[in-house]
Amino acid sequence: MIRRFRHISLWSALALALAGALYSLGVWYGIHRDNHLILQLTSGKDVAVNKVISGEPELRLARAFYFKQKHRYDEALSTLSLVMDKGDQAFQAKVRYNLGNLYLEQALQQAKAMNINAATPLAGLAKQAYRQSLALDSGNWDAKYNLEVAMRLLPEMDRVDMPDDGPENRKSQLWTTVPGFPRGLP
Amino acid sequence: MRVPLIPVILVLSLLGCSRPIDEPVSYFNVETPRPFGYVNGDEIPRRIIIETRSGISLQPGSVPVKGQINRWLNLNQVSVKQSGRRYQIDLRYQVFYAPLEVKALTLPGFTLQLSQGEKNISQSVPAWTFTLSPLRELVVRQSEQGEYLRPDSPPSLSLLVNSHAVYGLAASLTIAALTALYLGYLYGCFPGLSRRTVFKRVLRKLAGLSKADMEQALTLVHQALNNLNGQPLFSNRLSEFYRRNPPYRQINSQLTWFFNYSNRYFFSDGMIVVQQDLQQLKDLCEQCRKIERGSR
């Protein structure tokens, strides 16, 4: 009876172990395939969208990276917004940093073309994204640097710092949001 | 009456030095890191340690709450640990400020409320000033694309090199191989391996037998020898057996005794079994075990 039981349990252990091996092999293959797709996207080659949909959030990040490289900002934005809340904290910080870069690059382009009205909200959105990214991962120096770029583009002023905030000063307060403050200084 | 002046002054000054015994807070300290060298986006920890007299407790509502404090300062994390009458308040601030030159900023102070019954006592935490440095030069450098920016963070491949899958694969393959080997052993796929434990098993079984079970004991040893020989072994074929298993030649006398004894036991009447016979049988098996183990 005991021998019979031992045999049955041994055979089932073997079957389970083989099934586990097959499953791990499948997972491993999937990871390998996703990595290949990511490499393809980051090197500037597009991949079919259905491959991205079924895969990991990293794949969408790679696709957004590809769109941004090709200056297809709207598509990059919609791709990034799909993975905003996916993944772990480090991944979310990275998505927000890339989103900030997306806004900031557009803001800088608009500012260069002197479209101040278009540049201002974009710079604001960039700052917000960088702040969120830094709140998740305060050790990201790139985010710190680019946030400073965005903050110089659209400086912030405290109301408390300007005690005589009367209606006659409103106009001058508007000037504080003019982009590109440090440019052209001696 | 003339009062001695010097002792009175001494006593009074000593009284002035000592803290009143009923002071609600027995220990209060604010620990902060260096007050310089911070940049935009840095986190600044601040630890407040407060020890109260018995019966006095900290009002948790007076601890600052998580969130935005002012335009450039966020409070990201607040934790209060209490052990007895000691409170440890850990605050984690984050600064978002882009100064044009090194600038002094101040973490605002606040007041902690302690309660003793219905009485409220306040303990103020002082403001703390530190300096923040810019990350960029005043006149910014221009790259080919315009203003210099840090590039996008590329998706990491290492995040997807999921070590769990590799470990899982290795572990399940190892378990499968071990189980398959053991099953193979049980099914007799490794004859060389099983032969080496023939006498081990016999010895284990013999240990539980008495001289009344002599028939069973003899059968066990016969079976073991047959198993080793690959076919039934009789005394007249011993020389052939030795040719195939030379190490057994050294216990020839004991084996001969065994076959003679077995003959007498099974084929003659009135045989009386004594304890010594069983012991001799066990000794034979011990010798055989040593040979199969390779230690003789």
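## Strand pairing in chain B

In this predicted model, strand 8 of chain B and strand 11 of chain B (residues 128–133) run antiparallel and are joined by five bridges. One pair of bridge partners links Leu105(B) to Phe130(B), the latter lying in strand 11 of chain B.

These two strands belong to an open sheet of three strands in chain B, with the order 2-11-8. The pairing within this sheet is mixed. Strand 2 (38–39) and strand 8 (103–107) of chain B are the edge strands, each of them pairing on one side only. Strands of a sheet pair, in general, through backbone hydrogen bonds, in either a parallel or an antiparallel manner.

## The contact between chains A and B

How many residues of chain B are in contact with chain A? There are 42 such residues in chain B, and they are in contact with 48 residues of chain A. The elements of chain B that each supply at least two residues to this side are strand 6 (73–83), strand 13 (146–147) and helix 2 (163–186). Helix 2 of chain B gives the most, with twelve residues.

By residue class, the side of chain B that touches chain A consists of 24 nonpolar, eleven polar and seven charged residues.

## Overall make-up of chain A

The secondary structure of chain A comprises eight helices and zero strands. Read from the N terminus, its elements follow the pattern α-α-α-α-α-α-α-α.

Of the 186 residues in chain A, 37% are buried. Among the contacts in chain A with a separation of 6 or more, 50% are between residues 24 or more positions apart.

## Helix 3 of chain A

Helix 3 of chain A spans residues 57–69, which gives 13 residues. The distance from its first C-alpha to its last is 19 Å, close to the 18 Å expected at 1.5 Å a residue. Just after this helix, His71(A) adopts a positive phi of about 60 degrees.

Why is helix 3 of chain A described as largely enclosed by the rest of the structure? Twelve of its 13 residues are buried, so the rest of the structure largely encloses this helix; a residue is counted as buried if 20 or more other C-beta atoms lie within 10 Å of its own. The buried residues include the charged side chains Glu58(A), Arg60(A), Arg63(A) and Lys68(A), as well as Leu59(A), Leu61(A), Phe65(A) and Phe67(A). The cover over the buried residues of helix 3 of chain A includes helix 1 (2–42), helix 2 (49–53), helix 4 (73–82) and helix 5 (89–112) of chain A.

Notes
Residues numbered from 1 in each chain as written. Chains lettered and ligands numbered in written order. Predicted model: local features only at pLDDT ≥ 70, side-chain atom pairs only at ≥ 80, totals over all residues. Pairing = 2+ DSSP bridges. Helix = DSSP H or I, 4+ residues; strand = E, 2+ residues; numbered from the N terminus. Contact = placed C-beta atoms within 7 Å. Expected span 1.5 Å × (residues − 1).
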